[in-house]
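Dear colleague,

I am handing over the structure we spoke about, with the sequence alongside. My notes on what was found in it follow directly below.

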Amino acid sequence: MPPVVFVGLLVALYVWKCMMLVVFQNKIIYMPGFPPNSRWELIDNYANHCGGIKWTDERTRAADGTDLAMAVTTVPMQKGKFPTDKKAARAHVYVLYFQGNAASIPPRLPDLSWVLRNISDSHNPNLAPLQITFVCLSYRGYWTSRGRPSEAGLRLDAEAGVRWISQYHEQLYGPGSEAPEPILLLWGQSIGCGVATNLAATGRIPENVPIRGLLLETPFLSVRTMLETLYPQKWLPYKHLWPFLRNHLDSWANLVTIANTAREKGCPPPNIFILEAERDELVPPEHAERLLERCQDLGLPVERVKSPAAFHSDAIMRVEGKRLAALGIVRLTKQALDDG
């Protein structure tokens, strides 16, 4: 009897753990409370490290009423060349930024400001007198946004960010064909790549701000493939529970939808720029390689670069990574302008 009881207890504990993993998967996947002070960070705490870039705290609401926080700034894409007539510019570039897991937006602002300054100092005559507005969206449950994170909720949050940009563009320039063309670029980091490709594939996008490009920083294929990567052992339950996943963040499948939608509409597909961390300790290089091949097979214009000596979370913390991110935004902007 004792061996039978012991084995039965082990089986019961294994089944109980599996059930808890399924029930509490949102709490396991998303980490809005790490580090412990992330919910109380302020933009002002990092203002002196942003090199003169002024960020403002804005608010918007998702379709389900969830209150969301954003950090927003606007700079000229050529240093010192704000247009005297705001409608004289050919286009206005908007970058909607989706952060990676853990922490909040304010600690990321110094690195993002460096990227913006690099863009502004690029000395590219084709980018004058364009302006770039950078919108960092804080998911529900992160920073000072309300609610609890889930993939369904993050879809609503991403759509709310695009609606805010659409309304901002109309308020800035007014309705009509004389307004500069809005060029919307999505920048996702880690899980933010899944949020970005979700939005580009199936999001409800206002007609006046179509998505023209995606910058995918340290992307992975999907949550399922990450479970298989992180927990390859057959006796561990994680990868066997994928039928019960409620969070997929499946960039692999989203790319197919993006390509098919562009083909059906008869419009150019968004350009894709993949920024990989050379020493990524979480996401194997095969993920970026497979995404690159997927884009090429689907006819999606794509470019892939590596941030040298960078780990998963510090791809743009390193100088070369910042430069490559700025290069990605400049190239995505030029490609959008060339596509018309």
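Eight aromatic pairs are present in the structure, which, please bear in mind, is a predicted model. One of them joins Trp 55 and Phe 134, whose ring centres lie 6.0 Å apart with the planes at 85°, so that this pair is classed as edge-to-face. The two partners come from distant parts of the chain, since Trp 55 sits in the loop between helix H2 (25-29) and strand E1 (56-61), whereas Phe 134 belongs to strand E4 (residues 131-137), and the two are 79 residues apart. Trp 55 and Phe 134 are both buried.

Phe 134 also pairs with Tyr 97, and here the arrangement is tilted, with 6.2 Å from centre to centre and 40° between the planes. Because Tyr 97 lies in strand E3 (residues 91-98) and Phe 134 in strand E4, this second pair ties together parts of the chain that are 37 residues apart in sequence. Tyr 97 has a relative accessible area of 2% and is therefore buried, while Phe 134, at 0% relative accessibility, counts as buried too. Through such ring pairs, Trp 55, Tyr 97, Phe 134 and Trp 187 are linked into a cluster.

On the surface, finally, a nonpolar patch is formed by Phe 6, Val 7, Leu 9, Leu 10, Val 11, Leu 13, Val 15 and Met 19, which together have about 760 Å² of accessible area. Of these residues, Val 15 is placed in helix H1 (residues 2-23). Is Val 15 buried, partly exposed or exposed? Its relative accessibility is 42%, and Val 15 therefore counts as partly exposed, given that this class covers the range between under 20% for buried and over 50% for exposed.

Conventions:
Residues numbered from 1 in each chain as written. Predicted model: local features only at pLDDT ≥ 70, side-chain atom pairs only at ≥ 80, totals over all residues. Heavy atoms only, no water. Patch = residues over 30% accessible without salt bridge, like charges linked within 9 Å, V, L, I, M, F, W, Y side chains within 5 Å. Areas by Shrake-Rupley, 256 points an atom, 1.4 Å probe, with all protein chains shown as cover. Salt bridge = Lys/Arg side-chain N within 4 Å of Asp/Glu carboxyl O. Helix = DSSP H or I, 4+ residues; strand = E, 2+ residues; numbered from the N terminus. Buried < 20%, exposed > 50% of the residue type's maximum accessible area, 1.4 Å probe, protein only. Phe/Tyr/Trp six-rings, centres within 6.5 Å; stacked < 30°, edge-to-face > 60°.
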